[in-house]
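Please consider the following structure with attention to its chains, its strands and its backbone geometry.

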Amino acid sequence: MSTHNKRIIAASLATATCSLLGTSVVAPVQAQEDPGWDFNTALLYYGESDGRVQDVSLNVLARRAFVDDRFLTLGLAVDTLTGATPSGALAYDGPQTFTRPSGLATYTTPANQTPLDDSFLDTRVALTAGWQQPFARLYSFNVGLSASKEYDYLHLGANLGLSRDFNKRNTTLSLGVAFSQDDLEPVGGAPLPLSAMLDVGDLSNRSGDQSKDVTDLVLGLTQVINRDLLVQLNYSFSKSTGYLNDPYKFLSVVDGSTGDPISRTPAPGDSGPLHEYRFESRPDERSKHSVYGQAKYNMSGKVLDLSYRYMSDDWDIDSHTLEARYRWPFGDRRYLEPHVRYYTQSAAEFYRIGLVDGATPPRFASSDYRLGDFDAMTVGLKYGWKTRSDNDMSIRLEYYTQDGSAPSDQIIGNQAGRVLYPDLDAIIAQFSYRF
Amino acid sequence: MQSLRSSAIDSEVRQSVRPGATKRDPRLGLAAGHFRGSFNAMGSPCELLLETADEVLAQELLQIVATEAWRVEDKFSRYRSDNVVARINQSNGRPLTVDDETANLLEFAATLYQLSDGRFDITSGVLRKAWLFDGSDRVPDADSIAQIMGTVGWHRVSWRRPEIQLLPGMQIDFGGIGKEYAVDRAAGLVSRRTNCPCLVNFGGDLVAVGGLRHPDGWQVGVETPGSNASSAQKLILLKHGALATSGDSRRFLLKDGIRYGHILDPMSGWPVECAPRSVTVAADSCTQAGMFATLAMLCGKGAEEFLEDQGVRFWCLR
């Protein structure tokens, strides 16, 4: 007798049992394995080329499942950042000397190099806690708290979400809100927007601590199209108010015809910058709208995941993100997952590569490369496997390259031959273990 | 309410109490806010867990459950010489008229024989004369198996309710149904008396009835036989319905490097190849759960596939 002969006997067995026991319909069984804890750990290395930012981070996400689809999630992340990041000043034919953010010393960037702030070093610890549970049959809610601390930064956040299933649970509509309050205590105090970089020891342009508030709203729709296709659409709105500057970023003040930085002499007996720089100034409000669409398509075990995001904000930044992942299993326990991501954004309306000496200063100005016009590409490959004890492990290697340009109408004189936008290449390596 | 931990289903205990053990003494204890009654029946430790503070009720229900277990055992055990099974097995080819309850069980067995394409067969017990799964290397020779196979097969039985007629030398055995049937019967009697949530557990085959106030349900530990301590126990949360386990890795023969498991294929007379070490199934009733588990074992390497096809929740140990 063959054993692979498919035979569904459940209904006949139920009938036979009812006649044996003389009972009518019994209540259906409700049994499940005690789900217990689930840990997701990841060690990530992010390294930018040319001695810029290096980040090593450890992430642990612990999830405790309870019966009836209730979940407790606890997260811990520890980051160690080292290296240097572009300060916003322009590269120039001669060396440039800057006052450190602390206001207590100077540092010098050699000629023809993009000035980097090399005192960049930080450790961040972040904690999250979340609870999710269904209620009233078709609804589910989640609440969460988050906190993170760096030596000059404290973030506190809370979020609340609600979702409802429709259409035999093939459609899920969700609504989420999140609030966060961030306190900044910049080293040496926050510089006043557009104030000049001063000599060592002069902190007269510094103000006290700053803060910002962020409110996020997300509306989501998830739709199961058929057993192989899942589609998700999101709209989100985010509003930030308060201190939105990067207190460590500043702009070069340049000559209106040569484009070279304007020289400056420190006060007698003092050391300080030998050129003029002004700290950046951003609006104290920012509103972002974004729409996001994702489709996951299962092709007999191989899963294609495509997504697109459009974001537009009132700083005039528009961005498009296109992302694709393809999970390709081989054997019972292994898979490869190639990943590509393309990102492009237009510059903020107040993005300036520098400030022109003598011109009426703009109200807002920033030369932060992240607010410029750039394209970025990520390509990566992930290899995942199941261990003997059925735990998941994976390694991921990715290459990121960012390529930007200075607005042509802002390029003055000698600037034409110089690096005006600091391009960026980075390697991302991650090891994950889930047990 | 951490009180609702049922004791683990320990197959070691189950196996150490062999049939014929006569110590039946029912005992009732209060453990962490619920009553736990225990007694022995059908060669197994049995228990009744009750979510009530009413000791008089608990005592009464324990008596009801134990009495029913003993009644089913006395009536259908193949180890007794004075019951209906003995009369059928000693009928020596003569037709015999049986009572309603026995007829219901025979009817059920006949249905299962058909549903399983002959793999579930209450006449296969005689094979145990040749197969003694005692961990030794005494594998019977093919001739003696072939000889016994002449008296195996439900298709050789003439069953026309309420009359049964076996060929001379044939025997029936309700061992594959009896315990689960007793669990469902006992739980039914409890339900008729009270709404109080209870768990009836006869040697690891168990059913939970009555609404439980604790949202997680009863926590049932399933000891996975033969494995080492590390991942040996799975915790199953049972709100309602039944769990039954089939299989025991300690009952086998080992000869010339070949392991002969104790699940016998009634169509060949030989052990089912590649049967799981144990199968635990969740179902609406204990009888259903037990049948799914038994039939899965009989499917050998196709056990998981069979259970998946049935759409039941199961835990299979290889």
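The model is a predicted one. Chain A has a secondary structure of one helix and 26 strands. Chain B, by contrast, comprises eight helices and 14 strands. Of the 435 residues in chain A, 40% are buried, and in chain B buried residues account for 58% of 318. Chain A has an accessible surface of about 22200 Å², 57% of which is supplied by carbon and sulfur atoms. For chain B the corresponding area is about 13400 Å², with 48% belonging to carbon and sulfur atoms. Among contacts with a separation of 6 or more, residues 24 or more positions apart provide 62% in chain A and 64% in chain B.

The next topic is the interface. In terms of contacts, 39 residues of chain B meet 31 residues of chain A. The size of an interface is often expressed as the accessible area lost when the parts come together. Here the two chains bury about 3200 Å² between them, and carbon and sulfur atoms carry 60% of that area. On the side of chain B, the residues that lose the most area to chain A are Leu115(B), Leu237(B) and His240(B), which together represent 19% of what that side buries.

Within chain A, the strand pairing can be followed step by step. Strands of a sheet pair through backbone hydrogen bonds, in either a parallel or an antiparallel sense. Strand β20(A), residues 302-313, and strand β21(A), residues 318-330, are antiparallel and share 10 bridges. Within this pair, Tyr308(A) lies opposite Leu322(A) of β21(A). The hairpin of β20(A) and β21(A) has four residues between the strands, and in this hairpin Asp316(A) adopts a positive phi near 75 degrees. Strand β21(A) is also joined by 10 bridges to β22(A), residues 334-345, again in an antiparallel arrangement. Here Arg325(A) has His339(A) of β22(A) as its bridge partner. The hairpin of β21(A) and β22(A) has three residues between the strands, and Gly331(A) takes a positive phi near 70 degrees in it.

Another part of chain A shows mixed pairing: three strands form an open sheet in the order β18-β17-β23. Strands β18(A), residues 277-279, and β23(A), residues 354-356, are at the edges with a single partner strand each, so one side of each has no neighbour in the sheet. Neighbouring strands of this sheet are turned against each other by 35 degrees on average, direction ignored. Strand β17(A), residues 250-254, runs parallel to β23(A), and three bridges join the two. Val254(A) is found opposite Val356(A) of β23(A).

Ser394(A) belongs to strand β25(A), residues 392-405. Its relative accessibility is 7%, and Ser394(A) therefore counts as buried. Beyond residues up to four places away in sequence, Ser394(A) touches Tyr335(A), Lys382(A), Tyr383(A), Gly384(A), Trp385(A), Gln430(A), Phe431(A) and Ser432(A). In chain B, Lys75(B) is part of helix α2(B), residues 55-76. The C-alpha atoms of Lys75(B) and Val85(B) are 7.5 Å apart, with 10 residues separating the two along the chain. Leaving aside residues up to four places away in sequence, Lys75(B) is in contact with Asn83(B), Val84(B), Val85(B), Asp99(B), Glu101(B) and Thr102(B).

Most residues other than glycine have a negative phi, and most peptide bonds are trans. Leu194(A) has a positive phi near 65 degrees and sits in the loop between β13(A) and β14(A). Because its relative accessibility is 17%, Leu194(A) counts as buried. Asp117(B) likewise has a positive phi, near 55 degrees, and is located in the loop between α4(B) and α5(B). With a relative accessibility of 23%, Asp117(B) is classed as partly exposed. The peptide bond joining Arg161(B) and Pro162(B) is cis, with omega at about 5 degrees. Pro162(B) itself is in the loop between β5(B) and β6(B).

Key: Residues numbered from 1 in each chain as written. Chains lettered and ligands numbered in written order. Predicted model: local features only at pLDDT ≥ 70, side-chain atom pairs only at ≥ 80, totals over all residues. Heavy atoms only, no water. Pairing = 2+ DSSP bridges. Axes fitted to C-alpha atoms, helices over the stretch in contact; angles between N-to-C directions. Buried < 20%, exposed > 50% of the residue type's maximum accessible area, 1.4 Å probe, protein only. Contact = heavy atoms within 4.5 Å. Areas by Shrake-Rupley, 256 points an atom, 1.4 Å probe, with all protein chains shown as cover. Buried area = accessible area lost by both parts, 1.4 Å probe.
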